[in-house]
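Thank you all for making the time this morning.

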Amino acid sequence: MAALTPVLFALTVAFLAVHELDAVRNHEWRFFFSPFGVDDDTGYRVFTALHVPLFAVVFTFYSAPAFQTGLDLFAVAHGGVHLALRDHPLVEFSGWFSGLWIYGASALGGLHLLAVVVS
C-alpha cells in the first residue's frame, strides 16, 4: 500500500484542481461573494485570481507530510460541505461529472490518509 501513497495524493490534488476548473464553469464565486454585493464579473476575476496563491502553496508544500495530511482532511471535509450545501440556491454543481471531482477528491484523500496510517 505504501507504494500507492504518492499516486493517491497526486490524484487527490488533481481531482481538487479539476474541481476548481469545474467551479469556474459553475459560478462558485456567486456563493462566496454574493453576500458582499460583488458583481458577477468582479467575482469571477477575484475567484479565479485567488487560485494563483492557492496553487503556489500547493506546489510549494506538496511533498510535506503535514501538508498532505491537511489537504487530505480538507478534501474529505470539502466533500461533506458540498453534500450539505447541494440544495443551496447559489450552488450550481449538479450531475455525475461535477460529483466525480468533488467526491472523488474526498474518497482519494481518505484513501491516502488510510494508506499513510497503515504504512
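Predicted model: local features only at pLDDT ≥ 70, side-chain atom pairs only at ≥ 80, totals over all residues.

Leu4 sits in the segment before helix 1, and Leu4 counts as partly exposed because its relative accessibility is 46%, which falls between the 20% and 50% cut-offs.

Now let me step back to the chain as a whole. The secondary structure of the protein chain comes to six helices and zero strands, so to speak an α-α-α-α-α-α order when read from the N terminus. Along its principal axes, the C-alpha trace spans about 50 × 30 × 20 Å. Of the 119 residues in the protein chain, 34% are buried, and the chain exposes about 7,100 Å², with carbon and sulfur atoms supplying 75% of that area. If we take the contacts in the chain with a separation of 6 or more, 74% of them are between residues 24 or more positions apart.

Let us turn to the inside. In soluble globular proteins, nonpolar side chains tend to be buried together. Here the largest nonpolar core has 13 residues, and the members that touch the most other members are Phe9, Val13, Phe15, Leu16, Phe67 and Leu71. Helix 1, which covers 5–25, helix 5, which covers 65–84, and helix 6, which covers 95–118, each supply at least two residues of this core, and helix 1 gives the most, with five residues.

Is Gly104 buried or exposed? Gly104 counts as buried because its relative accessibility is 14%, and the cut-off for buried is under 20%. Although Gly104 and Phe15 are 89 residues apart along the chain, their C-alpha atoms are separated by 6.7 Å. Gly104 touches Phe15 and Gly99, again not counting residues up to four places away in sequence.

Glu20 is buried yet has no salt bridge, and the nearest side chain of opposite charge, that of Arg25, is 14 Å away. What Glu20 does touch, not counting residues up to four places away in sequence, is Glu28, Phe47 and His51.

Finally, let me take you to His27, which lies in the loop between helix 1 and helix 2, the latter covering 28–33. The phi angle of His27 is near 55 degrees, a positive value in a residue other than glycine. His27 counts as partly exposed because its relative accessibility is 22%, where buried would require under 20%.

Note on methods
Residues numbered from 1 in each chain as written. Heavy atoms only, no water. Core = buried A, V, L, I, M, F, W, Y, C linked by side-chain atoms within 4.5 Å. Buried < 20%, exposed > 50% of the residue type's maximum accessible area, 1.4 Å probe, protein only. Helix = DSSP H or I, 4+ residues; strand = E, 2+ residues; numbered from the N terminus. Lys, Arg positive; Asp, Glu negative; His and termini not counted. Salt bridge = Lys/Arg side-chain N within 4 Å of Asp/Glu carboxyl O. Contact = heavy atoms within 4.5 Å. Areas by Shrake-Rupley, 256 points an atom, 1.4 Å probe, with all protein chains shown as cover.
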